[in-house]
Amino acid sequence: MKRLGMITGLQPDKVETYRQLHEAVWPEILEMLTACGIRNYSIYHQEMADGRHLLFSYFEYAGQDFDADMARMAADPKTQEWWALTAPCQQPVAEAELGGAWVTMSEWFHLD
C-alpha cells in the first residue's frame with residue numbers, strides 16, 4: 001500500500017464551484033479511481049489567514065504499477081472532461097512542477 005498526501009491552491013472565486021463538484025463526483029470518475037487502485041481518498045480545504053485557499057488530498061494506492069495506472073486515468077476521456085472542470089479551480093503552489101497543480105508531500109509519520 002502506497003500512501004500519498006498532496007497540496008495545491010484553490011482560486012478564491014472558485015471555492016464554491018470546486019466544493020459543489022466534489023459533493024457530486026460523477027460515477028465514472030469514482031469507478032476510474034477504483035479501477036486504478038485508488039482507495040481511501042479524501043480532499044480537505046483550508047482558508048488561510050492571508051486569504052489563500054489550500055487543498056490537501058490523501059489517498060492510498062493499492063495497485064501494482066502506479067505510473068501505468070495514473071497514465072490510464074489520464075487517458076480516460078471522462079476523466080479528462082472532469083479535469084477540464086476542476087483544473088481551472090486550482091491555483092498551483094509555487095513548488096508545483098511546470099504544468100502540474102498538485103505537489104506530493106513527504107510522509108514523516110504513520111500509525112495504523
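A residue is called buried when its relative accessible area is under 20%, exposed when it is over 50%, and partly exposed in between. The model is a predicted one. With a relative accessible area of 47%, N40 therefore counts as partly exposed. This residue is found in strand β2. N40 is not a glycine, yet its phi is positive, at about 50°. Most residues other than glycine have a negative phi.

Next come the helices. Two packed helices are described by the angle between their axes and the distance between the axes. Helix α1 (residues 15-23) and helix α4 (residues 77-86) have axes that come within 10 Å and cross at roughly 150°. Angles over 145 degrees count as roughly antiparallel, so α1 is roughly antiparallel to α4. On the α1 side, the residues that meet the other helix are Y18, L21 and H22, and on the α4 side they are W82, L85 and T86. Of the residues in this contact, 4 are nonpolar, 2 are polar and none is charged.

Which residues of α4 are buried? They are T79, W82 and T86. Seen down the axis of α4, the buried residues fall within an arc of 60°, and so they line one face of the helix. The face turned away from this buried side carries P77 and A84, which are exposed. The buried residues of α4 pack against α1, α2, α3 and β4 (90-91).

Helix α3 (residues 66-75) can be read in a similar way. Its buried residues are F66, D69 and M73. Around the axis they cover an arc of only 70°, which puts them on the same side of α3. D67 and A75 are exposed on the other side of this helix. Against which elements do the buried residues of α3 pack? Their partners are the strands β1 (2-10), β2 (38-47) and β3 (53-61), together with the helices α2 (27-35) and α4.

Leaving out residues up to four places away in sequence, M73 touches M32, L33, C36, I38, T79 and W83.

The last stop is A96, in the loop between β4 and β5 (103-104). Is A96 buried or exposed? Its relative accessibility is 16%, so A96 counts as buried. Apart from its neighbours within four places in sequence, A96 is in contact with A101 and V103. A96 and T8 are 88 residues apart along the chain, while their C-alpha atoms are separated by 8.0 Å.

Methods:
Residues are numbered from 1 along each chain as its sequence is written. This is a predicted model: local features need pLDDT of at least 70, side-chain atom pairs count only at pLDDT 80 or more; totals for chains, interfaces and linings use all residues. Side-chain values use heavy atoms; hydrogens and water are left out. Axes are lines fitted to C-alpha atoms, for helices over the stretch in contact, and angles run from 0 to 180 degrees between N-to-C directions. Helices (H or I, at least four residues) and strands (E, at least two) are DSSP runs, numbered from the N terminus. Angles under 35 degrees count as roughly parallel, over 145 as roughly antiparallel, 65 to 115 as roughly perpendicular and the rest as oblique. Contact means heavy atoms within 4.5 Å. Ala, Val, Leu, Ile, Met, Phe, Trp, Tyr, Cys and Pro count as nonpolar, Asp, Glu, Lys and Arg as charged, and the others, Gly among them, as polar. Buried means under 20% relative accessible area, exposed over 50%, partly exposed in between (1.4 Å probe, protein chains only). The arc is that of the directions from the helix axis to the C-beta atoms.
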